[in-house]
Amino acid sequence: SGSREALIEAVKTQVSNKRFEHILRVEQMALNLAEKWDVDLETASIAALVHDYAKERSDADFLAVIAEKKLDPDLKQWGNYLWHGVVGAELVHDELGIHNQDILDAMRQHTTGAAYMTQLSQVVYMADYIEMGRDFPGVAEVRQLAFEDLGASVGWQTTHTLQYLLAKQGRIYPGTITTYNGWSTK
Ligand code: DGI
Ligand code: FE
Ligand code: FE
Ligand code: FE
């Protein structure tokens, strides 16, 4: 549709070609998952197209938004990986005029997930992880799982991300642990 083309042009001005190609693959996978799980296709498309809109913004930009919008000051302790979704949603709201809270929440949650996620949010979280350009051990299995049991695939991603962060001794955002606990079935 016309609005999709306009959104694509807006996103393209913000990111490298490589990241733009990733975003289009996330959109395609989000549409496939949305069709399977009865999520509105246009909403899934928009959420996927904007999810990494802010990924190449500077730390200074994010810190300015945290201050201006009086977001939780604790956010300042973290980095681009958290800010591009959580803080980036404010930029998508202000710069692209996207006010749909389900879309903005899916963007906010796309990196770390959340204990409670809408189907839309689960679709974007999974599509980002399993888009056809991704290659990691188990990707074929988790792609299949996302079409068989969406919630189980959310748990799979969260567990594997946590294992990856622990193995490289990375800092773990407490929200990542909250997501893990929310989706653990044991
Ligand atoms: O923006 P993308 O690269 O498409 O994907 P993303 O937004 O899902 O970011 C994934 C990265 O975020 C991945 O390298 C793992 C990292 N990440 C997720 N949760 C945490 C985290 N990194 C740290 N240090 N701590 C976390 O809790
Ligand atoms: Fe991202
Ligand atoms: Fe992700
Ligand atoms: Fe992404």
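## The shell around ligand 1

Ligand 1 is surrounded by 15 residues, and Lys55, Thr111, Arg171, Tyr173 and Thr176 are the closest. A residue counts as near when one of its heavy atoms lies within 4 Å of the molecule. By class, the shell holds four nonpolar, six polar and five charged residues. Here Ala, Val, Leu, Ile, Met, Phe, Trp, Tyr, Cys and Pro count as nonpolar, Asp, Glu, Lys and Arg as charged, and the others, Gly among them, as polar.

This is a predicted model: local features need pLDDT of at least 70, side-chain atom pairs need pLDDT 80 or more, and totals for chains, interfaces and linings use all residues. Residues are numbered from 1 along each chain as its sequence is written, chains are lettered from A and ligands numbered from 1 in the order in which they are written, and side-chain values use heavy atoms, with hydrogens and water left out.

## Polar contacts and cover

On its own, ligand 1 has 580 Å² of accessible area, and the protein covers 80% of it. Areas come from the Shrake-Rupley method with a 1.4 Å probe.

## The largest pocket

Ligand 1 sits in the largest pocket; that is, more than half of its atoms lie within 2 Å of the pocket's grid points. α5 and α10 each give two or more residues to the ligand shell. A pocket is an open set of points on a 1 Å grid over the protein atoms alone, where a 1.4 Å probe fits, with protein on both sides within 12 Å along at least five of seven lines; lining residues have an atom within 4 Å of a point.

The volume is about 860 Å³, taken as the space filled by probe spheres set on the points. The lining has 29 residues, with Lys55, Thr111, Asp128, Tyr129 and Arg134 closest to the centre. Eight are nonpolar, ten polar and eleven charged. α2 (17-37), α5 (80-86), α8 (119-130) and α10 (150-167) each supply at least two. Helices are DSSP runs (H or I, at least four residues), numbered from the N terminus. α10 gives the largest share, five residues.

## The second largest pocket

This pocket holds about 190 Å³ of space. Its lining includes Gly151, Trp156, Tyr180, Trp183 and Lys186. Four lining residues are nonpolar, five polar and one charged. α10 and α11 (174-183) each supply at least two. The largest share, five residues, again comes from α10.
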